[in-house]
Amino acid sequence: MSTERPHSVSVAGVVVDDHGRALLIQRRDNGKWEPPGGVLEREETIPDALQREVLEETGIKIALPATLTGVYKNMTGLIVSLVFRCEAADGTPTTGSETRALRWATREEVTELADEAYAIRVLDAMDAASPPAIRAHDGVKLV
């Protein structure tokens, strides 16, 4: 029996507005700029987790279904992330217990604000990558 810890699965939602900008959150725990998202709970479906995480972190309810734009593996943290391009259905962007700040970001601002491993997720979603991108990173840089 393997003693290695298993991978976890997370989702992230890149909400894109009518001006082509993506909604980024600044996390309270580490100050990093990322798309909203988090780890799936045991009894949760992927769409339910996506909707819950985006709502918890931004105050925005997203429309489902959302478009899968990428699958990313953090080789260090052993996390597989499914990233979706989302459309806001209701709500106003607001900070919460996990979110220090939010902002609508252009492509250029995304690359300035976010680490490469997270910026590429947002850019892939802004491009509505089809087929979805499949990438690996070390938590900060692509590998």
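Buried here means under 20% relative accessible area, exposed means over 50%, and partly exposed lies in between (1.4 Å probe, protein chains only). The model is predicted: local features need pLDDT of at least 70, side-chain atom pairs count only at pLDDT 80 or more, and totals for chains, interfaces and linings use all residues. Residues are numbered from 1 along each chain as its sequence is written, and side-chain values use heavy atoms, with hydrogens and water left out.

**Stop 1: helix 1**

Select residues 46–58, which form helix 1. Helices (H or I, at least four residues) and strands (E, at least two) are DSSP runs, numbered from the N terminus. Helix 1 has 13 residues and spans 18 Å from first C-alpha to last, close to the expected 18 Å. That expected span is 1.5 Å times one less than the number of residues.

Go to the N-terminal end. Threonine 45 caps helix 1 there, with a side-chain oxygen 3.1 Å from the backbone nitrogen of aspartate 48. At the other end, glycine 59 follows helix 1 with a positive phi near 80°.

Now color the buried residues of helix 1: Ala49, Leu50, Arg52, Glu53, Val54, Glu57 and Thr58. Their cover includes strand 1 (8–15), strand 2, strand 4, strand 5, strand 7 and strand 9.

**Stop 2: arginine 52 and its partners**

Which residue meets arginine 52 in a salt bridge at 3.8 Å, N to O? Glutamate 41 does, side chain to side chain. A salt bridge is a side-chain nitrogen of Lys or Arg within 4 Å of a carboxyl oxygen of Asp or Glu. Glutamate 41 sits in the loop between strand 4 (37–39) and helix 1, so the pair ties together parts eleven residues apart in sequence. Arginine 52 is buried, at 17% relative accessible area. Glutamate 41 is partly exposed, at 48%.

Glutamate 56 is partly exposed, with a relative accessible area of 40%.

**Stop 3: arginine 107**

Select arginine 107 and aspartate 127. They form a salt bridge with closest N and O atoms 2.6 Å apart. Arginine 107 lies in helix 2 (107–113) and aspartate 127 in the loop between helix 3 (116–126) and strand 10 (133–137), so the pair ties together parts 20 residues apart in sequence. Both ends are partly exposed: arginine 107 at 35%, aspartate 127 at 48%.

The structure holds twelve salt bridges.

**Stop 4**

Strands pair if DSSP finds at least two bridges between them. Strand 2 (22–27) pairs with strand 9 over six bridges. Pick glutamine 26: alanine 101 in strand 9 stands opposite.

**Stop 5**

Most residues other than glycine have a negative phi, and most peptide bonds are trans. Select leucine 64 and proline 65: a cis peptide bond joins them, with omega about 5°. Proline 65 is in the loop between strand 5 (61–62) and strand 6 (67–74). Then select leucine 78. Its phi is positive, near 55°. Leucine 78 belongs to the loop between strand 6 and strand 7 (79–86).

Definitions and conventions. Contact = heavy atoms within 4.5 Å. Polar contact = N/O pair within 3.5 Å; in protein donor to acceptor, adjacent residues only side chain to side chain.
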